[in-house]
Amino acid sequence: MNILLLPGWGMKGEVFTPLIQALQPSHVTVVAWEHMHDVNHFLAKAKDALTVPSIVIGWSLGSLVALQLAMHEHVQALVCIGGTSRFTMTDDYPIGWHARVVERMKTQLMRQPEKTIQSFIDMLWGEEEAQPFRYMHHHIPDLLLGLDYLLTTDVRDQLQQIDVPLLLIHGERDRICPPQAAQYVYERTNHCTFMLMPNVGHAPHVTQPSMCAHYIQTWLGGEKND
């Protein structure tokens, strides 16, 4: 079985290397969020890569794309790591970032790109998790489109239609997508399993790849994905 991997905002595909090494899948496809045309290009790129029956694993922004793909004929199962069904809060959804903060981040990216990117990287970690991080693109147009995707994408209305098995892996100390975002998805989907990892931040597949692989393999039936 192929595994399709969808990275988070601004991330290189290599961000999944620790998880790939732990899972040791026989076939893997990684989608890169580079040379993006517009906000619709995220889903289009994922669809173009989904050419065979696959387990789709999305992280953060990639989890939004994964949920958008849920009804695709080739999706056999979904894993959302540090995921959400909507990144920004609304009057009826008090979970996530205020849209003003994301808009301000867009402005800061154009004025002080390195400082803004480093501030985001610093938010990835839980207590005592921080480590050197080399997985982020620094191409500002792609990063700005990624933020526009996060501002505009909302898959809450599609959650009850998801009919494939869904695994949510989330860090208890996630400061990018709070655990309540995963709880919201869990309460509105069928066939869903929710694993909350204590003292872990937004990137459990980077800081705890073996445990994430264990969750995934156990959820799939205790066998490797071959």
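## A helix tucked inside

Let's start with helix α3: here L61, G62, S63, L64, V65, A66 and L67 are buried. Keep in mind that this is a predicted model. The helix runs over residues 61-68, and with seven of its eight residues buried, α3 is mostly covered.

What does the covering of those buried residues include? Three strands take part: β1 (2-6), β3 (54-59) and β4 (75-81). Helices α2 (41-49) and α6 (140-152) are also among the elements that cover α3.

## How α2 meets α3

One of those neighbours, α2, is worth a look of its own. The axes of α2 and α3 sit 10 Å apart, and the two helices pack at an angle of about 65 degrees. Roughly perpendicular starts at 65 degrees, so α2 counts as roughly perpendicular to α3. As for handedness, α2 and α3 make a right-handed crossing.

Which residues do the touching? On the α2 side you'll find F42, L43 and A46, and these meet L61, V65 and Q68 of α3. Sort the residues of this contact by class and you get five nonpolar, one polar and no charged ones.

## Out at E187

Now for another part of the chain: E187, which lies in helix α7 (residues 179-187). Is E187 buried or exposed? It counts as exposed, because its relative accessibility is 52% and the exposed class covers values over 50%.

Conventions
Residues are numbered from 1 along each chain as its sequence is written. This is a predicted model: local features need pLDDT of at least 70, side-chain atom pairs count only at pLDDT 80 or more; totals for chains, interfaces and linings use all residues. Side-chain values use heavy atoms; hydrogens and water are left out. Buried means under 20% relative accessible area, exposed over 50%, partly exposed in between (1.4 Å probe, protein chains only). Helices (H or I, at least four residues) and strands (E, at least two) are DSSP runs, numbered from the N terminus. Contact means heavy atoms within 4.5 Å. Axes are lines fitted to C-alpha atoms, for helices over the stretch in contact, and angles run from 0 to 180 degrees between N-to-C directions. Angles under 35 degrees count as roughly parallel, over 145 as roughly antiparallel, 65 to 115 as roughly perpendicular and the rest as oblique. A crossing is left-handed if the near helix is turned anticlockwise from the far one by less than a right angle, and right-handed if clockwise. Ala, Val, Leu, Ile, Met, Phe, Trp, Tyr, Cys and Pro count as nonpolar, Asp, Glu, Lys and Arg as charged, and the others, Gly among them, as polar.
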